[in-house]
Amino acid sequence: MLLQHLFGHGPASRADLARSTGLTRVTVSELVADLLAEGLVEELGAPQESRVGKPPTLVGLVADAKQVVAVDLSVDDQLAGAVLTLTGQVVARSARPLEGRRGDDAVAAVRDLAADLVGRSTRPVLGVGVATPGIVGRDGVVLDAPNLGWHGAALADVLQDALDLAVYVANDADTAVMGEYTFGGGAEGGLMLLRLSTGVGAGLVLGGNVLHGHRGAAGEIGHVVVDPDGDECACGRRGCLETYVAVPRLRRRMAEGDAGTALADAGHRLGAALAPVVGTLNLGEVVLSGPADLVAPLAEVAATVVRDRVMPVSAEGFVVRPTALGDDGVLVGATGLVLAGELGGLVTGRHAEQAAPGGSASTSKTR
């Protein structure tokens, strides 16, 4: 509880921590002493403002006291991973081709990459976060990830046994939105993040909680039909949003005709699909993650369409913007995934400016 407060709100005195948590001052003092001994927090001296009497001593989280290992499986036929600090700074990174591995072979490849990253850490590892395409249960079982050949794969248990560390596994889009919420300055009222790449997936945070939905399939906006007469989608239906805004499909449309017209059409269809969601949930912002040359124009058109299709109260202040975390959004999100598990809930706001892009998703959850 104390670590969560210090992460979310920054340095505080022992008295402030007691007031904010409801714990007694004696209990807080004892806990802070333990955390100081473990090197997780440090004393920072008195605050700048002057007070009558003896000034309090602030304590703050030590950002590099522990590190997190993050693994991103959202890129086609590639494993990417990094070692990060508790504030999302990348310490070391690694990537290797998946080379078509599926099933148990793919699990073994993830295990090997995670073990290599643990070995490259320079501080004790708090935990491992894995972002994967597919439907993921709360127990870290990948229920369905067809492109990886996983159907009921107990990925978290396998990695935990191999690494002897806490392991958290989540859908890649959910992980990305967690990163945006924790490190990217996401709005507290509600946040939806769309990852545009081979497919289209979305993650939502509402009331400080990631929305999982029925059977863990929340965010499947990529397979909402926007044109019944459109192209065939990988899911077997025609005219899904994914057929217009998935990166390979959109680039092909741009190459075959007028690029500006193709982008405008895709942005319009994206906005039309988003409007009912924004109106229903009263979201303050939608974040797009993907190639910068596509995301910026798509965001501009989609925002205009959404504002035109929802009530004025929902349109006021609504924005569609690119992610603040760049290409490392999923890796940074996996850090948030571990922090949420170890600190007992999502934390946000304080460290948005400290995450270092470049320094639990361009895939659909049914991919």
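Guide: Two strands are said to pair if DSSP finds at least two bridges between them, and that criterion is applied here to a predicted model.

Visitor: What makes β11 and β12 a pair?

Guide: Strand β11 (residues 191-196) and strand β12 (residues 200-206) are joined over six bridges in the antiparallel sense, and the definition asks for at least two, so they count as paired. Leu191 stands opposite Val205 in β12, and the two strands form a hairpin with three residues between them.

Visitor: In which sense does β11 pair with β14, and over how many bridges?

Guide: β11 and strand β14 (residues 285-289) pair in the parallel sense over five bridges, with Leu193 standing opposite Val287 in β14.

Visitor: Why is β11 called mostly covered?

Guide: A residue is buried when its relative accessible area is under 20%, and six of the six residues of β11 are buried, so the strand is described as mostly covered. Leu191, Leu193 and Arg195 point one way from β11, whereas Met192, Leu194 and Leu196 point the other way, and all are buried.

Visitor: How do you know that β5 and β6 pair?

Guide: Strand β5 (residues 78-85) and strand β6 (residues 90-97) share seven bridges in the antiparallel sense, and at least two are required, so the pairing holds. Ala80 stands opposite Ala95 in β6, and in their hairpin, which has four residues between the strands, Gly88 takes a positive phi near 85 degrees.

Visitor: What is the span of helix α12, and what is expected?

Guide: Helix α12 (residues 329-343) has 15 residues and reaches 20 Å from its first C-alpha to its last, which is close to the 21 Å expected at 1.5 Å a residue. α12 is mostly covered, with 13 of its 15 residues buried.

Definitions and conventions. Residues numbered from 1 in each chain as written. Predicted model: local features only at pLDDT ≥ 70, side-chain atom pairs only at ≥ 80, totals over all residues. Heavy atoms only, no water. Expected span 1.5 Å × (residues − 1). Buried < 20%, exposed > 50% of the residue type's maximum accessible area, 1.4 Å probe, protein only.
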